[in-house]
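Hello,

Here is the structure I promised to pass on. Please have it open while you read; my notes follow it.

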Amino acid sequence: MGLPEERGRSGSGSRGQEEAGAGGRARSWSPPPEVSRSAHVPSLQRYRELHRRSVEEPREFWGDIAKEFYWKTLCPGPFLRYNFDVTKGKIFIEWMKGASTNICYNVLDRNVHEKKLGDKVAFYWEGNEPGETTQITYHELLVQVCQFSNVLRKQGIQKGDRVAIYMPMIPELVVAMLACARIGALHSIVFAGFSSESLCERILDSSCSLLITTDAFYRGEKLVNLKELADEALQKCQEKGFPVRCCIVVKHLGRAELGMGDSPSQSPPIKRSCPDVQISWNQGIDLWWHELMQEAGDECEPEWCDAEDPLFILYTSGSTGKPKGVVHTVGGYMLYVATTFKYVFDFHAEDVFWCTADIGWITGHSYVTYGPLANGATSVLFEGIPTYPDVNRLWSIVDKYKVTKFYTAPTAIRLLMKFGDEPVTKHSRASLQVLGTVGEPINPEAWLWYHQVVGAQRCPIVDTFWQTETGGHMLTPLPGATPMKPGSATFPFFGVAPAILNESGEELEGEAEGYLVFKQPWPGIMRTVYGNHERFETTYFKKFPGYYVTGDGCRRDQDGYYWITGRIDDMLNVSGHLLSTAEVESALVEHEAVAEAAVVGHPHPVKGECLYCFVTLCDGHTFSPKLTEELKKQIREKIGPIATPDYIQNAPGLPKTRSGKIMRRVLRKIAQNDYDLGDTSTVADPSVISHLFSHRCLTIQ
């Protein structure tokens with residue numbers, strides 16, 4: 001999959017309804033001479049030329065890349081049609097509409113049969129416990145995916161149906177999602193750290209007809225009875241008038257009871273001794289994965305899908321408190337994740353790639369499953385956590401599998417920095433060539449530690465900015481090609497046309513700070529919010545007609561580098577995961593003691609940002625440590641452990657305008673003990689502010 005050759009240019013990319021052709025100046029860092037640039041990563045000058053062409057001639061640029069994939073039928077009409085301007089009609093994006101393909105066929109069948117990669121390892125699986133390991137080749141993965149595709153079809157799942165997946169990081173999770181893609185069903189993967197309430201909400205929103213889950217698993221020292229949570233979710237669905245007809249259960253913790261089986265790709269029995277975990281069983285609904293697979297044939301014809309057919313739904317937090325079902329489609333998503341993976345990570349056939357993200361997040365969809373497999377890569381699939389059984393775990397895995405490209409979150413880097421250099425430097429890490437970060441902007445201190453200690457000052461760092469909604473990388477360095485500045489997302493990827501707007505919607509040139517937007521579509525852009533296109537238009541296109549609005553603030557420096565400054569809307573970025581303040585506030589006020597709640601972000605040395613909650617109690621209730629724990633427990637149950645607040649402050653009153661609007665800007669200042677409040681003339685009762693300052697929680701910066 002090579003970059004298209006430059007073939008001249010026609011007029012500039014434009015917006016609207018049309019058909020289009022397919023802090024301060026930081027010191028930059030360039031790789032030392034021993035970090036050579038790959039033959040397929042362009043020079044900086046060549047990159048700029050190719051980027052300009054990709055924006056001005058998207059049909060030709062992406063059309064050339066599309067030739068590297070299998071299409072059952074070719075695109076009969078315009079390669080790209082779109083409208084980004086709500087004043088000119090419905091928002092829509094269509095890449096290669098009318099062409100038909102299957103992403104599972106492209107990432108598995110073609111690699112096995114055409115590229116002869118059947119014996120190549122697709123995944124090294126590393127379990128929670130050291131020593132729980134297995135590997136699965138491309139051929140073995142194809143066979144298992146075909147078997148489970150047949151299982152799904154036998155259960156009545158058809159093209160267009162939605163299937164919920166609630167599983168830890170085990171090979172069966174990859175098998176399940178690819179089987180859905182093979183038969184044209186939409187997978188909706190729910191992170192296994194989410195609560196039963198969150199799972200229920202997502203099942204209901206997309207009317208999932210089947211759930212795939214696991215008996216139980218360990219996350220570090222913690223035992224998670226996932227089947228129990230799944231049962232609670234299905235019971236809630238039943239109570240709300242939507243019974244799910246089937247639940248397929250992987251016996252993961254109880255795998256030892258099954259024996260190893262004949263296939264080397266089967267995960268080994270759990271080495272850790274397990275307490276008696278009671279796995280409830282709902283006759284007529286629950287079915288064991290292994291029993292269904294034993295009866296399934298190992299060949300399955302793929303369902304040929306239109307390039308614009310939906311591939312999956314993935315829920316992300318919304319500012320209204322109700323998660324948004326982001327919909328990605330088959331053709332454009334396939335092109336974009338394959339291309340970003342190849343060039344951002346400078347992929348070569350001999351690489352061992354490791355993205356530490358959970359598949360329950362978009363990073364796992366794009367850069368654990370689809371992107372690497374589309375390139376025939378070998379990846380590490382890791383079930384555990386960075387600190388278990390000790391803080392050496394990540395680096396011992398890097399050495400064990402000779403990982404060459406490593407992609408993780410700034411949260412993990414900051415966490416491991418606390419333990420010093422020795423846990424890292426005691427391992428060789430000589431195989432590492434490229435390091436990446438994802439999920440949130442990385443602070444310069446963490447960037448430098450990552451570069452100097454983890455990368456031994458020889459690995460370029462790709463600090464990637466993108467979103468669930470974008471499908472793949474949007475702003476990123478290219479390793480060895482673009483000089484880097486610690487903390488900067490650097491330059492736009494091919495096909496990406498960024499702009500910075502002021503409050504009036506005017507594009508700012510040169511050095512500027514404002515709203516980050518994109519002027520035209522790229523293949524991986526989401527197409528809609530599931531079941532609510534109006535919300536899609538309002539969230540991403542209404543504020544500035546003619547642009548996709550990211551919701552992030554951004555600064556462009558005098559060298560043209562982009563710096564993400566944080567969310568502009570009421571969203572929090574905790575450990576690289578977006579949380580809605582409204583969703584957390586809603587969970588708080590469901591407690592009988594809470595009359596009103598307001599949630600803001602607070603800087604955190606490891607998570608980047610944590611939750612600081614202000615709660616106003618109902619009459620007759622007293623604020624106490626017991627109540628604080630009850631509120632934290634309620635949030636864990638309603639949303640998940642990741643949303644647990646670090647701080648909850650009693651607030652007899654909240655700073656509001658005379659019209660009753662809570663002044664969150666002031667609350668953020670109070671949470672950070674910052675008395676520089678700016679204009680507070682609109683506060684209805686200024687005494688509330690001084691009271692909150694004097695009773696604020698003792699925080700850690």
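Tyrosine 47 sits in helix H1, residues 44–56. Helices (H or I, at least four residues) and strands (E, at least two) are DSSP runs, numbered from the N terminus. This is a predicted model, so local features need pLDDT of at least 70 and side-chain atom pairs count only at pLDDT 80 or more, while totals for chains, interfaces and linings use all residues. Residues are numbered from 1 along each chain as its sequence is written, and side-chain values use heavy atoms, with hydrogens and water left out.

Is tyrosine 47 buried or exposed? Tyrosine 47 is buried, at a relative accessible area of 5%. (Buried means under 20% relative accessible area, exposed over 50%, partly exposed in between; 1.4 Å probe, protein chains only.) Not counting residues up to four places away in sequence, tyrosine 47 touches Pro42, Leu478, Phe491, Pro492 and Phe494. Contact means heavy atoms within 4.5 Å. Phenylalanine 491 is 444 residues away along the chain, yet the two C-alpha atoms are separated by 10.0 Å.

**Confidence**

Mean pLDDT (the predictor's confidence in each residue, from 0 to 100) is 89 for the protein, and 89% of residues reach 70 or more. Residues 5–37 stay under 50, with 91 contacts in the model beyond four places in sequence. Residues 260–264 are also below 50; this stretch has seven contacts beyond near neighbours in sequence. Where pLDDT is low, the predicted coordinates should not be read in detail.

**Cores**

The largest nonpolar core has 125 residues. Such a core is a set of buried Ala, Val, Leu, Ile, Met, Phe, Trp, Tyr and Cys residues joined through side-chain atoms within 4.5 Å. Leu141, Phe148, Ile165, Leu178 and Ile212 have the most contacts inside the largest one. Leaving aside neighbours within four places in sequence, phenylalanine 148 is in contact with Val175, Ala176, Ala179, Ile212, Ile248, Trp289 and Met293. Another core lies apart from that one: 29 residues, including Val398, Leu416, Ala446 and Val454.

**Sheet and hairpin**

Eight strands make an open, mixed sheet, in the order E13-E12-E9-E7-E8-E15-E16-E26. Strands E13 (286–288) and E26 (528–529) are at the edges; each has a single partner strand, so one side of each lacks a neighbour in the sheet. Two strands pair if DSSP finds at least two bridges between them. Within the sheet, E7 (162–166) and E8 (186–189) run parallel, joined by four bridges. Arginine 162 stands opposite leucine 186 in E8.

E5 (121–126) and E6 (133–137) are antiparallel, over five bridges. Tryptophan 125 has threonine 134 in E6 as its bridge partner. The two strands form a hairpin with six residues between them, and glycine 131 in the turn has a positive phi of about 100 degrees.

H17 (625–638) has 14 residues. Its buried residues are Leu627, Thr628, Leu631, Lys632, Gln634 and Ile635. They lie on the same side of H17, because they cover an arc of only 155 degrees around the axis. (The arc is that of the directions from the helix axis to the C-beta atoms.) Exposed Pro625 and Lys626 are on the face turned away. Cover for the buried residues includes helix H16 (581–589) and strands E31 (594–604), E32 (608–617) and E33 (647–650). Glycine 640 follows H17, with a positive phi near 145 degrees.

H16 is largely enclosed by the rest of the structure, because seven of its nine residues are buried.

Best wishes

How values were computed: Expected span 1.5 Å × (residues − 1).
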